[in-house]
Amino acid sequence: RMQGIEAARAFFSLKKARADLVNMDFVQFLLLTTLPDKDDEDSDDDDGKAQAKDDKDSRKERENQGQRLAARTMQEIADYPDFVKTLCRTSVLNFLSIVLNQLDHEEETVTDTFVKISKDPSHLVLLVEDSVGDILESF
């Protein structure tokens with residue numbers, strides 16, 4: 001999944017490719033890639049507590065890497081008006097808020113994305129309503 005996202009990022013500068021990525025709902029794909037694998041969730045067992053802890057730590061690190069990549073990709077596509085509408089969805093704004101509060105060293109990524117989204121004044125309302133506004137205020 002991460003390699004697919006990296007490959008897609010190479011095409012953002014091409015108008016036709018951007019249109020295709022918007023049509024295939026690339027932003028939703030980004031969100032889905034941040035979810036843990038079902039196999040990872042089911043693999044918890046009580047055999048060897050040290051192994052289980054290592055597996056859990058490894059799984060958490062993979063999740064964090066996926067969230068970082070998704071957040072940084074959203075930051076990048078926020079430069080393109082084609083994508084901004086999809087970035088304004090509640091699910092995306094909530095994801096970015098989670099990244100802002102839970103992942104170290106991603107504050108600049110998320111706040112820069114919010115700044116890019118807010119360049120269109122009509123999007124400001126989205127950033128101050130519901131839980132996103134509360135999270136930004138507490139941040």
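Is Asp112 buried, exposed or partly exposed? Asp112 is partly exposed, with a relative accessible area of 25%.

## Confidence

This is a predicted model. The chain averages a pLDDT of 84. Of the residues, 80% score at least 70. Confidence is highest in helix H2 (residues 15–23), at a mean of 95. It is lowest in helix H4 (residues 38–42), at a mean of 55. Where pLDDT is low, the predicted coordinates should not be read in detail.

## Helix H2

The buried residues of H2 are Ala17, Arg18 and Leu21. Seen down the helix axis, these residues fall within an arc of 100°, so they line one face of H2. Lys15, Lys16 and Asn23 lie on the other side of H2 and are exposed. The cover over the buried residues includes helix H1 (2–9), H3 and helix H6 (81–87).

## Salt bridges

Side chains of opposite charge can pair when their charged atoms come close. The count for this model is 9 salt bridges. One of them joins Arg18 and Asp82, at 3.2 Å from N to O. Arg18 sits in helix H2 and Asp82 in helix H6, so the pair ties together parts that are 64 residues apart in sequence. Arg18 is buried, at 10% relative accessibility. Asp82 is partly exposed, at 27%.

Lys116 counts as buried at 15% relative accessibility, whereas Asp79 is partly exposed at 47%. Asp112 and Lys116 are 4 residues apart in helix H8, which means a separation of about one helical turn. Elsewhere, salt bridges that share partners join Glu6, Arg9 and Glu76 into one network.

Asp25 is not a glycine, yet its phi is positive, at about 60°.

His105 lies in the loop between helix H7 (90–102) and helix H8 (107–117). At 69% relative accessibility, His105 counts as exposed.

Definitions and conventions:
Residues are numbered from 1 along each chain as its sequence is written. Side-chain values use heavy atoms; hydrogens and water are left out. pLDDT is the predictor's confidence in each residue, from 0 to 100. Helices (H or I, at least four residues) and strands (E, at least two) are DSSP runs, numbered from the N terminus. Buried means under 20% relative accessible area, exposed over 50%, partly exposed in between (1.4 Å probe, protein chains only). The arc is that of the directions from the helix axis to the C-beta atoms. Contact means heavy atoms within 4.5 Å. A salt bridge is a side-chain nitrogen of Lys or Arg within 4 Å of a carboxyl oxygen of Asp or Glu.
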